[in-house]
Amino acid sequence: MTRNRRRPGAWLLAGVVLAVVLTLYGADRTGVGDPEAVPSAIPTGSAAGPAAPPTGGTPSPSTASPPPPPEAGPPPPAPATTTACTSPGSCGFPDEHSTGPRIALERHDTGNMTIRKDGTVIRGWDIRGSLDIYADDVTVIDSRITSTNWWGINLRPGFSGLKVLHTAITAVPGKGPDNGGVNYAVSNMGGSSIEVGWCDISVFGNALSMGQGDLHDNYVHDLVAFRNQGGEWQHTDAVISGGGNTGRLTVRHNTLLNATPVAQGATAAVGLFADTGFVSSVVVEDNWLAGGAYALYGGGPGATGIKVTGNVFSTQYHPASGAYGPVTAWNAGGAGNVWEDNRMSDGRPVQPAP
């Protein structure tokens, strides 16, 4: 009987011991009661992003609840206004790898050829000569032009619809008609818009010359200055407009380089000049600009409707992009003029002088 009375006490003691063991085991798994088990704040620069700075009433990082785990996928890129660029191609701008003909070419020694048939399409030609166009809706695509004329392609007044796509346009320095000068890779003398896209353009002094057009995804480089018959250096510009235009000029996502020395006539990567009337309705957006006296001439007094946004002003030739600065002749008070999100290639913002 004594043995039977002592059994409940033994079972009770064993239960107490088991409960203590389970409590300690649970505390060890959950971290409850263990200071070293409190999650620390995620350090700045981790995938979850920087920790928020302490503010009034906010716990310090050592006691704050941990942030939620990051969602899958890479962290978002830095804002474009703070991103440095080292070269056009590495930063997504056109270069020799993304422009020019995409197919094998057949040589055509045309000389200075005149086109008079509407709807003419030139594709896959390696032309030794130039094209003078007196026709509507002409397309030059996947071709190469090597000119010894003033121009590579010239659209005459009264005609429209020209497209020049995926084409290399260059010239032979010193072989042009005016003391060896070759001046316009593509010239729009017509009264309506033309399209020039994905072209590799070099040598010509004023490569893309027009008051209205859609110029996109082109690589303009290695311009060559020349003296006229009077011995004067001629100005060089990757894109030039003389004002007085009736339509819109759009210059979007091009690489526009002008390495010509100022002493030999360098003017701009984009030159908007009021030579024949006020400059209006121009978009200069998302381009890589470098060189010239100034990389951009903004139209001057009287310019309206000029939108310059998201451009990179490269320091590859001059510390200030142009020899004297990134921009001049900007009319800040002109109706519809917008200057926004333009930066140097090292990330510094660019603002026109007052």
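# Reading a predicted chain, feature by feature

In this predicted model, residues 24 or more positions apart account for 63% of the contacts with a separation of 6 or more in the chain, a contact being heavy atoms within 4.5 Å.

Q: How many helices and strands does the secondary structure of the chain come to?
A: Helices (H or I, at least four residues) and strands (E, at least two) are DSSP runs, numbered from the N terminus. Here the chain comes to one helix and 26 strands.

Q: Which strands does β5 pair with in the parallel sense?
A: Two strands pair if DSSP finds at least two bridges between them. β5 pairs in the parallel sense with β3 over three bridges, and with β8 (residues 168-171), again in the parallel sense, over four bridges. Within these pairings, R128 has T146 in β5 as its bridge partner, and S147 stands opposite A171 in β8.

Q: What percentage of the residues in the chain is buried?
A: Buried means under 20% relative accessible area, exposed over 50%, and partly exposed in between, with a 1.4 Å probe and protein chains only. By that rule, buried residues make up 44% of the 354 residues in the chain. T236, in strand β15 (residues 236-241), is buried with a relative accessible area of 1%, and, leaving aside neighbours within four places in sequence, T236 is in contact with residues including G205, L223, N258 and A268.

Q: How many salt bridges does the structure hold?
A: Side chains of opposite charge can pair when their charged atoms come close. A salt bridge is a side-chain nitrogen of Lys or Arg within 4 Å of a carboxyl oxygen of Asp or Glu, and the structure holds seven of them. In one of these, the side chains of D142 and R102 meet at 2.8 Å, N to O; the pair links distant parts of the chain, with D142 in the loop between β4 (139-141) and β5 (144-147) and R102 in the loop between α1 (2-30) and β1 (106-115), 40 residues apart. D142 is buried at 3% relative accessible area, whereas R102 is exposed at 53%.

Q: Where in the chain do D132 and R156 lie?
A: D132 forms a salt bridge with R156, the closest N and O atoms being 2.9 Å apart. D132 lies in strand β3 (residues 125-133) and R156 in the loop between β6 (151-155) and β7 (163-165), so the pair ties together parts that are 24 residues apart in sequence. Both D132 and R156 are buried.

Q: How much space lies in the largest pocket?
A: Rolling a probe the size of a water molecule over the atoms shows where empty space is left. On a 1 Å grid over the protein atoms alone, where a 1.4 Å probe fits, a pocket is an open set of points with protein on both sides within 12 Å along at least five of seven lines, and lining residues have an atom within 4 Å of a point. About 350 Å³ of space lies in the largest pocket, and of the 16 residues that line this pocket, S209, M210, G211, G242 and T276 are the closest to its centre. β9 (184-188) and β15 are the elements that give two or more residues to the lining, and β9 gives the most, with three residues.

How values were computed
Residues are numbered from 1 along each chain as its sequence is written. This is a predicted model: local features need pLDDT of at least 70, side-chain atom pairs count only at pLDDT 80 or more; totals for chains, interfaces and linings use all residues. Side-chain values use heavy atoms; hydrogens and water are left out. Grid points are joined across faces, edges and corners, and a volume is the space filled by probe spheres set on the points.
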